[in-house]
Amino acid sequence: KAPLDKAIYDRIAGVAVDISLLQRSVQLIQASGLEYEFRTTAGEDFLSLEELGQLAGHLIGARKWVLQRFLPDHCLSEEYRAMSRASDEYLEAACRLGANCTEQCVVRG
């Protein structure tokens with residue numbers, strides 16, 4: 001969802017989160033030997049490129065990171081429906097950040 005920084009993750013998740021459990025989950029998934037992908041819904045209105053760069057740093061060595069385009073039309077929350085659709089330029093820049101840290105970074109949506 002977000003960089004493994006308590007303040008940022010809590011803001012994005014909307015609840016308090018134990019970051020150490022997330023870090024451990026990432027480690028277990030990467031060490032599992034199973035096929036996996038990490039997914040992040042990305043949109044300029046709630047995750048900056050700097051924050052996505054921080055998240056990419058937490059995923060170093062990951063097999064696949066999928067950046068899902070934020071589409072406000074699909075949101076139940078009025079607050080999120082008022083936000084902008086993620087731009088191609090933003091997603092391409094974020095994918096370049098991911099390409100430096102993961103085996104594969106792709107955009108969906």
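**Reading a helix pair**

Q: How do helix α3 and helix α5 pack, and at what angle?
A: Keep in mind that this is a predicted model. Here, α3 (residues 49-58) and α5 (residues 88-99) pack at an angle of about 25 degrees, and their axes lie 9 Å apart.

Q: Roughly parallel or roughly antiparallel: which is α3 to α5?
A: Angles under 35 degrees count as roughly parallel. So α3 comes out roughly parallel to α5.

Q: Is the crossing left-handed or right-handed?
A: For α3 and α5, the crossing is right-handed.

Q: Which residues in α3 and α5 meet?
A: From α3 you have L49, L52, G53 and A56, and they meet Y90, A93, A94, L97 and G98 in α5. Sorted by class, that contact has seven nonpolar residues, two polar ones and no charged ones.

Q: How far does α5 reach?
A: Go from the first C-alpha to the last: α5, with 12 residues, reaches 16 Å, close to the 16 Å expected at 1.5 Å a residue.

Q: Which residues of α5 are buried, and what do they pack against?
A: Buried means under 20% relative accessible area. In α5 the buried ones are Y90, L91, A93, A94, C95 and G98. They pack against β1 (38-42), α3, β2 (64-69) and β3 (104-108).

Q: What does E51 touch?
A: Leaving out residues up to four places away in sequence, E51 touches P3, I8, R11 and F46.

Methods. Residues numbered from 1 in each chain as written. Predicted model: local features only at pLDDT ≥ 70, side-chain atom pairs only at ≥ 80, totals over all residues. Heavy atoms only, no water. Axes fitted to C-alpha atoms, helices over the stretch in contact; angles between N-to-C directions. Helix = DSSP H or I, 4+ residues; strand = E, 2+ residues; numbered from the N terminus. Parallel < 35°, antiparallel > 145°, perpendicular 65-115°, else oblique. Left-handed = near helix turned anticlockwise from the far one by under 90°. Contact = heavy atoms within 4.5 Å. Nonpolar A, V, L, I, M, F, W, Y, C, P; charged D, E, K, R; others polar. Expected span 1.5 Å × (residues − 1). Buried < 20%, exposed > 50% of the residue type's maximum accessible area, 1.4 Å probe, protein only.
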